[in-house]
Amino acid sequence: ASDVYKRQEEYRKIAEYIARMSWQKKGNYMVFFPSYRFLEQVYEEFFPMMEGQTDCIVQTTGMKEEEREEFLGEFEKERKHSLVGFCVMGGIFGEGIDLKEELLIGAIVVGTGLPQVGQEREILRQYFETHSGEGFDYAYRYPGMNKVLQAAGRVIRTKEDKGVIALLDERFLQREYRRLFPREWEEYTVCSHENIGNVLENFWREQK
């Protein structure tokens with residue numbers, strides 16, 4: 001039971017991070033999750049927090065072209081509140097979509113995007129372990145980080161774009177992940193549950 005409780009706590013915390021980001025500055029945000037299951041768990045926690053202050057749309061499995069267009073069309077509408085799109089990392093909205101400037105001002109990436117352990121991954125890992133001693137990197141960390149960078153890349157599409165990228169996983173602070181950050185990520189701020197509001201307030205003030 002304590003494991004279930006811990007996970008519930010984690011989902012609630014993530015939901016609170018999303019809520020605070022969307023309240024701090026009105027705009028459009030995308031949140032990327034490692035799986036649909038994870039997305040649904042956080043959405044359950046997030047839904048009661050919205051209280052008419054935030055609009056939310058959710059990617060579903062096997063979306064048709066028409067539904068995909070409809071989902072993206074929501075980001076172009078005039079609205080009173082922030083819009084948060086819940087998506088899956090490495091899915092149809094994690095790459096190749098173009099929401100320039102004000103159409104998307106924040107991306108939240110939940111987790112490091114590591115692929116699930118499977119036979120093919122393990123064969124890859126063993127191969128690279130034998131050849132370069134970097135089996136885990138090639139089989140898991142690099143593909144995961146690639147998905148993270150693709151998701152984060154939805155926000156900054158042109159030189160004029162300004163936005164926030166939040167990486168919600170303590171593993172991103174490890175040297176093995178930090179060395180894979182693009183050069184422009186070198187100046188990052190570590191946020192906690194308590195200070196995220198202040199950090200964002202200062203960031204947006206500096207952008208004026």
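A charge is taken to sit over a ring if NZ of Lys or CZ of Arg is within 6 Å of the ring centre and within 35 degrees of the ring normal. In this predicted model, K25 meets that criterion with W204, lying over the ring face at 5.1 Å from the ring centre. R141 is placed over the face of Y177, at 4.9 Å from the ring centre.

Pairs between aromatic rings number 16. The ring centres of F71 and F75 are 6.0 Å apart and the planes stand at 50 degrees, so this pair is classed as tilted. Both F71 and F75 are buried. For F181 and Y188, the centres are 6.0 Å apart and the planes are at 85 degrees, so the pair is edge-to-face. F181 has a relative accessibility of 15% and therefore counts as buried, whereas Y188, at 38%, counts as partly exposed. A cluster linked by ring pairs comprises Y11, F33, F38, Y43, F46, F47 and F86.

F86 also belongs to the sheet, where this residue of β3 stands opposite V31. Strands β1 (residues 28-33) and β3 (residues 82-88) are paired in the parallel sense over six bridges. The open sheet holds five strands in the order β2-β3-β1-β4-β5, with parallel pairing. Because β2 (54-58) and β5 (164-168) are at the edges and have a single partner strand each, one side of each lacks a neighbour in the sheet. From one strand to the next, the twist averages 15 degrees. Helix α5 (residues 135-152) lies across β1, β4 (106-110) and β5, and runs at about 160 degrees to β4.

Technical notes. Residues numbered from 1 in each chain as written. Predicted model: local features only at pLDDT ≥ 70, side-chain atom pairs only at ≥ 80, totals over all residues. Heavy atoms only, no water. Pairing = 2+ DSSP bridges. Helix = DSSP H or I, 4+ residues; strand = E, 2+ residues; numbered from the N terminus. Axes fitted to C-alpha atoms, helices over the stretch in contact; angles between N-to-C directions. Contact = heavy atoms within 4.5 Å. Phe/Tyr/Trp six-rings, centres within 6.5 Å; stacked < 30°, edge-to-face > 60°. Buried < 20%, exposed > 50% of the residue type's maximum accessible area, 1.4 Å probe, protein only.
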